Amino acid sequence: MGSVFMAQLAKDRRNPLILLLFIALSILATLLFVRSTQNMTTIAVFSEDEHGAAIEEKWLPLLNREGAYYHFKAVDAKHAREQVQKGRSDVAVKLMEQDYRLVAASDSPTIQQVDQYVRKIYTQEMQIQASSGVIKEEKLREAVNEYVRKPPFRLTKQGIDGSKVQSHNMSTQLMFAFTLLISIFTMGFKVNSVTNDKVSRIWDRMILSPIHKTSMYLGYISYSFFISLFQVTVVLILFKYVFKFDLGHHFGLILLIIAIFIFGMISLAMLITGFVSKPEQFYAIYPSFVPMLPLISGAYMPPGALNNPVLSFIADLFPMSHAMDALMKVVNLDAGISEIALQLSLILLIGVVYMGIGINLAERKSARK
Amino acid sequence: MLEVFKLSKSYKGKRAVDEINLYLDEGDSVGLLGPNGAGKSTTISMISTLIKPTSGDIKFHGKSTVEAPAALRKVLGVVPQEIALYEELSAYENLKFFGKIYKVEKRLLEERIQDVLDLVGLKDRQKELVKTFSGGMKRRVNIAAALLHQPKILILDEPTVGIDPQSRTHILEMVRMMNERTGTTVLYTSHYMEEVEQLCKRVYIMDHGKIIAAGTKAELMSILSNEDKIQIQLDRPSASFVEAIKGLKHIHHVEANEENIDFIASKGSNILGLLVREAEKAGAELINYQMDTPSLEDVFLHLTGRTLRD
């Protein structure tokens, strides 16, 4: 086992570029996607009223108030319509004195969200204005603001044990999703060394040697495990200490989840190896298949966004969804090992089953030779 | 020492090897000669215990290797046709890896690596990566990797395919030396007749999965003892002449190219006069007539009607 492990390590020491590239890719992909989720969407607003400038001046500060989800920007009406027509923006808002219109070319979730937000602002303002007939508007506005600052009732949220309820950390989720996805490629390509060595007949040399077959498989699998764990650990350390991502308070537990996940995914790669007879076939199947795993596992989406039961069932057959679930529980809910024991057990079970079938298939194929 | 009884291998109902028998004695050098696709590689894969036969048996010192391959594997060195090496590693690193998996004692390993590198003539280039080597050099390391555990039986599967003449000579000389000096038993497969002729004391000729002839070189040549191999040359190419001599009674296996016409003729048939007459009829002149001793290639041609490279 040690000789096979060391030979694989020596190969990678000679050519560490792919490993470094995968580490860089994990970081780049995470930073790129996290940034895009944090960027506020800009919505064009315009007014075609004869007092357009005054209307824009009145509504823009209200729309762009603190805590707004969007950034509203006054633009030329023609330009705003053109941008929507050409599909460069989903929606633009035509402001009127006491009403608004949405300019859109097709239906999309953004249009509904913008509509909801703008309607809320208009309704609130209309209510204040309606009441200003009874009370002086300025006084009323001040009273409302004071009321909001010091409400008679305040809703507070806390955990069962009285601890602060953490909000879901999408950036960390995306970081895990991309790091795991890219490590899956490392695992697969390393496991594929088995097929590579079979084709080049290095495997036959080993078969004829006194080394046991179990040791041979263990050599490849343990190296794939080691190098993938190394890759993920480097990426996580960089995100924790350099990019200051919130990884919770149980870094060791996170590494344990990752280690079990790697075992599960190596088993999946082994299962695919059992079906193929040439490394090229593996290179064709594996990279087309694995990018679907984070998608169907909802790894790129906020919790609850993916609620298709069929997809959920399929996702549960692979380690990704269980690993993401466990990781986010540890990061967001400060969960301990007993709270994620179910997810870890499921990954281990999947791993054992896939590994068993994979090696069995590969051996049956050899026996048929 | 090693006996093969009625060994067969079928793939999806098609027989790749068909009830072959062969044996290897200690210190023997045996050639397995045949064209591509004859079943040589399948045969040696079965003898090497890498694949199981469909039927038949292989016995090493009287014990079946199909049931218990360990004893044979211990003394076996196999040089596959493919370059079974890690190209990203140096020659030295590759040999160290194979030495370790063969459980060569740590204190002996370094010495053995240097010995085999010396034998294959790559001692000076041991630190270079295999991927930077020429085809011939790779083949030499490929052989070296099979020698680290000092095997008693060495099986080589077409070890000289696609290499330069210099490396080829080196490999052949090395195998011959190992057989003669250290008494290593050699089973050498090739479709190059001259290699087998040069190296092996006994030869098995295979075609379509069957052994069609076997024996020492002299025994095989005796198949053609009543025939001569003749090569003639005309002053100009003549298709009608070739057609005419194909019809002559004592001539067979006629092969013509732009320069020469080769054929086998019955010994003592005295055909020179006939050839001159046929040449005159075809409007050509016979300018060269050469009679050779038949080679294994001719034996193969005689037995199968094809050349080894067909």
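# Talking through the predicted two-chain model

Colleague: What share of chain B counts as buried?
Modeller: Bear in mind that this is a predicted model. Chain B has 310 residues, and its secondary structure comes to 11 helices and 14 strands. The share of its residues that count as buried is 42%.

Colleague: Which residues have the most contacts inside the largest nonpolar core?
Modeller: That core holds 144 residues. Helix α11 of chain A, residues 251-275, gives the most to this core, with 15 residues. The residues with the most contacts inside the core are Ile257(A), Ile266(A), Leu327(A) and Ile155(B).

Colleague: Take Ile155(B): what is it in contact with, leaving aside neighbours within four places in sequence?
Modeller: Ile155(B) is among the residues with the most contacts inside the largest nonpolar core. With those sequence neighbours set aside, the contacts of Ile155(B) are Ile44(B), Ile47(B), Ser48(B), Leu76(B), Val78(B), Val79(B) and Leu187(B).

Colleague: Are α11(A) and α12(A) roughly parallel or oblique to each other?
Modeller: Helix α12 of chain A covers residues 279-289, and α11(A) packs on it with the axes 10 Å apart. The angle between the two is about 135°. Angles over 145 degrees would count as roughly antiparallel and 65 to 115 as roughly perpendicular, so α11(A) and α12(A) come out as oblique.

Colleague: And how do the residues of the contact of α11(A) with α12(A) divide?
Modeller: α11(A) passes α12(A) in a right-handed crossing. From α11(A) you get Ala269(A), Ile272(A) and Thr273(A), and from α12(A) Phe282(A), Ile285(A) and Tyr286(A). By class, they divide into five nonpolar, one polar and no charged.

Colleague: What about α15(A) and α16(A): roughly parallel or roughly antiparallel?
Modeller: α15(A) spans residues 319-333 and α16(A) spans 341-367, with their axes 9 Å apart. They pack at an angle of about 160°. Over 145 degrees counts as roughly antiparallel, which means that α15(A) and α16(A) are roughly antiparallel.

Colleague: How many nonpolar, polar and charged residues does the contact of α15(A) with α16(A) have?
Modeller: The crossing of α15(A) past α16(A) is left-handed. On the α15(A) side sit Pro319(A), His322(A), Ala323(A), Asp325(A) and Ala326(A), which meet α16(A) residues including Gln343(A), Leu344(A) and Ile347(A). Counted by class, the contact has seven nonpolar, three polar and one charged.

Colleague: Which helix gives the most to the side of chain A that touches chain B?
Modeller: Across the two chains, 18 residues of chain A are in contact with 20 residues of chain B. Two helices of chain A, α1 (2-14) and α9 (202-208), each supply at least two residues of the side that touches chain B. By class, that side divides into eight nonpolar, four polar and six charged. The helix that gives the most, with six residues, is α9(A).

Colleague: Is Arg201(A) buried or exposed?
Modeller: Arg201(A) is in the loop between α8 (193-199) and α9 of chain A, and has a positive phi of about 75° although it is not a glycine. The cut-off for burial is 20 or more other C-beta atoms within 10 Å. Arg201(A) has 21 of them, so it is buried.

Colleague: And Lys12(B), buried or exposed?
Modeller: Lys12(B) has a positive phi too, about 50°, although it is not a glycine. Its place is the loop between β1 (2-11) and β2 (14-24) of chain B. With 12 or fewer C-beta neighbours a residue counts as exposed, and Lys12(B) has 4 inside 10 Å, so it is exposed.

Colleague: What separation do the C-alpha atoms of Asp228(B) and Gly268(B) have?
Modeller: Asp228(B) is in strand β11 (residues 227-234) of chain B, and counts as partly exposed because it has 19 C-beta neighbours inside 10 Å. Not counting residues up to four places away in sequence, Asp228(B) touches Ala265(B), Lys267(B) and Met291(B). Asp228(B) and Gly268(B) are 40 residues apart along the chain, and their C-alpha atoms are separated by 8.6 Å.

Conventions. Residues are numbered from 1 along each chain as its sequence is written. Chains are lettered from A and ligands numbered from 1 in the order in which they are written. This is a predicted model: local features need pLDDT of at least 70, side-chain atom pairs count only at pLDDT 80 or more; totals for chains, interfaces and linings use all residues. A nonpolar core is a set of buried Ala, Val, Leu, Ile, Met, Phe, Trp, Tyr and Cys residues joined through C-beta atoms within 7 Å. Helices (H or I, at least four residues) and strands (E, at least two) are DSSP runs, numbered from the N terminus. Two residues are in contact if their C-beta atoms, placed from the backbone, lie within 7 Å. Axes are lines fitted to C-alpha atoms, for helices over the stretch in contact, and angles run from 0 to 180 degrees between N-to-C directions. Angles under 35 degrees count as roughly parallel, over 145 as roughly antiparallel, 65 to 115 as roughly perpendicular and the rest as oblique. A crossing is left-handed if the near helix is turned anticlockwise from the far one by less than a right angle, and right-handed if clockwise. Ala, Val, Leu, Ile, Met, Phe, Trp, Tyr, Cys and Pro count as nonpolar, Asp, Glu, Lys and Arg as charged, and the others, Gly among them, as polar.
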